[in-house]
Amino acid sequence: MNDNEPRTLDCGKTVEELSAYLAAGRTPSDPRIETCPECLNALQGLARVSQLFQDLITQDVADLPAPPANWFQDIMTNIHREVRAGRSLPLPHPDTRVDLSVTEGAVLALIRTVGDTVPGLLIGTSHLEGNVEEPGAPVDVSVTASVLWNHPIPDAAHTLRALISDALATHTALNITAINITIEDLHRETTDSDKET
Amino acid sequence: MGATSNEDGHPLDEDLLTARVHAIDGVTAVYPPAPTLTQISHLLAAVVTGDSQRLDRVDVRTDGATTAITVRVGTSIDTATPDTATRVADALLQHIPDGHDSTVTVQVSRIA
Amino acid sequence: MQYPDRDRLEDVADAILVGRAVDGDTGAFETLIRRHGPLMRAYTARIVGSMADADDVVQDAFHTAWRRLPELRDPAAVRPWLMRIASRLAFSSLRRKPAEVELPDLESALPADTQPENIAVRNAQLRALSAALDTLPEDQRRCWLLREVGELSYDDIAQEMELPTATVRGKLARARASIYAQMEGWR
């Protein structure tokens, strides 16, 4: 590295010292630097390196060749193979030789599927709280969802609760004691003027 | 496999059982059994040959006297899943030869 | 598996997608790949020096991310987290393969003689920056990329590189000074 030895400015400060000063957020403020035109020029130049670097990465992204044909599919195939099953929720069957269950992952996906049918609403996370592996044990459902501004949130939450309740009663043997719905975040597409906060 | 054949072929034939499960009302898919060490070679073979169908089937483990039948299925959102799962289990029970000490495990992995 | 909600998911904040992906929603994770994949590929190519190697690394990174997503504490910060994973895999792949590091010639797509002069100057400037970056010692380069592309905090970089925060700050300062000094002709 012959070319990048720290340069010394005419005022005696090195570029490296100034870079350290910049990295420290220019605190504590050093009046000798802050009043020296040479130092200020160098500080400005050092700060510009970041901007230029952002330009470089932006250009890299713009010039990026398409990934190989199967690149995307390979990732998704691997991921599908490792779908999160979660806990095993028992279903009743009169024959003791039979073990019926539905996976927690299937139930969470079901909650997303029915929740996403509510206009303007998108499910975030969902949790089953309680001993879901024990038949008849009380289970609370907690769901976070995001709602668009033009759909009144109480209605959406009400509809969502009814849909989840129905779906779980139809497809599981869970003893649901509560369905807690939290409206947590907003779609990015929400317009500022009418945004609910 | 120690059981005797009948007119449908071997009663514990995995392909036959898989076809039976597929035909049950409310079943939308049959998935590979939960991964175990013994299935990794299956998995690799299927990935190499692009034949994922080979994995998606009923798994039968038997030593002649003891039989364990396991299947993972997807069920239709339009049919009550406990009913569908019960139909799957009942269909599989019918294939267990008399006198076998057996278990049938049905896991629903997807409802859509 | 179909993704009926892909269009809807594209408009949603990272935190929501992460929540769904943790719950097992592969469609939400697919949207995260589409959103952050390009920057990760560009970033990783800067580290490993070839697009083909970068594509392998980023595939691994997403696979790792899927498995470890439940450990992510701040779902809104998924991008720096993905960058950190990609960075770790990229630098370890470099160590496995002592190949000569050659930067992807991304600029060559544009024929130089047809560019307007200011663009030509800018491209030359970016080439100089690219070359300067390449002369940095690995630990400085890694700190720099984690900070400037990954947008990690000094503390997170320190944790990632198992160095004291003050050392990280020093390395970043030296990296910046070194790039600046080499870029003098282009200021």
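Helices and strands on this tour are DSSP runs, numbered from the N terminus: a helix (H or I) takes at least four residues and a strand (E) at least two. Keep in mind as you click around that this is a predicted model.

**Stop 1: chain A meets chain B**

Select A:R97 to start. You'll find A:R97 in the loop of chain A that runs between β1 (88-91) and β2 (98-103). Now show what surrounds the arginine. Which residues does A:R97 touch? Leaving out residues up to four places away in sequence, the list is B:L93, B:S102, B:T103 and B:V104. Colour by accessibility and A:R97 comes out partly exposed, with a relative accessible area of 34%.

**Stop 2: a cis peptide bond**

Stay in chain A and zoom to A:T27 and A:P28. The peptide bond from A:T27 to A:P28 is cis, and omega sits near -10 degrees. For context, A:P28 belongs to the loop between α1 (15-23) and α2 (31-34) of chain A.

**Stop 3**

Next come the charged pairs. Side chains of opposite charge can pair when their charged atoms come close.

Select C:E30 and C:R34. Their closest N and O atoms are 2.9 Å apart, and the two form a salt bridge. Both sit in helix α3 (residues 26-48) of chain C, 4 residues apart, so about one helical turn separates them. Is C:E30 buried or exposed? C:E30 has 4% relative accessibility, so it counts as buried, since the cut-off for buried is under 20%.

**Stop 3: a bridge from helix to loop**

Move to C:R79 and C:E151, another salt bridge, with the closest N and O atoms 2.8 Å apart. This pair links distant parts of the chain, 72 residues apart: C:R79 is in helix α5 (residues 78-96) of chain C, while C:E151 is in the loop between α7 (138-148) and α8 (154-161). C:R79 is partly exposed at 26% relative accessible area, and C:E151 is partly exposed at 48%.

What is phi of C:E151 near? The value is near 60 degrees, which is positive in a residue other than glycine.

**Stop 4: a bridge between two helices**

Select C:D139 and C:K171. Here the side chains meet in a salt bridge at 2.7 Å, N to O. These two also link distant parts of the chain, with C:D139 in helix α7 and C:K171 in helix α9 (residues 165-182) of chain C, 32 residues apart. C:D139 is partly exposed, with a relative accessible area of 29%, whereas C:K171 counts as buried at 12% relative accessibility.

Now show chains A and C together. Which residues do salt bridges with shared partners join into one network? Select A:R112, A:D116, C:R20 and C:D25 to see them.

**Last stop: another positive phi**

Finish at C:E162, in the loop between α8 and α9 of chain C. This residue is not a glycine, yet its phi is positive, at about 55 degrees. Buried or exposed, what does C:E162 count as? C:E162 counts as exposed, with 73% relative accessibility.

Methods:
Residues numbered from 1 in each chain as written. Chains lettered and ligands numbered in written order. Predicted model: local features only at pLDDT ≥ 70, side-chain atom pairs only at ≥ 80, totals over all residues. Heavy atoms only, no water. Buried < 20%, exposed > 50% of the residue type's maximum accessible area, 1.4 Å probe, protein only. Contact = heavy atoms within 4.5 Å. Salt bridge = Lys/Arg side-chain N within 4 Å of Asp/Glu carboxyl O.
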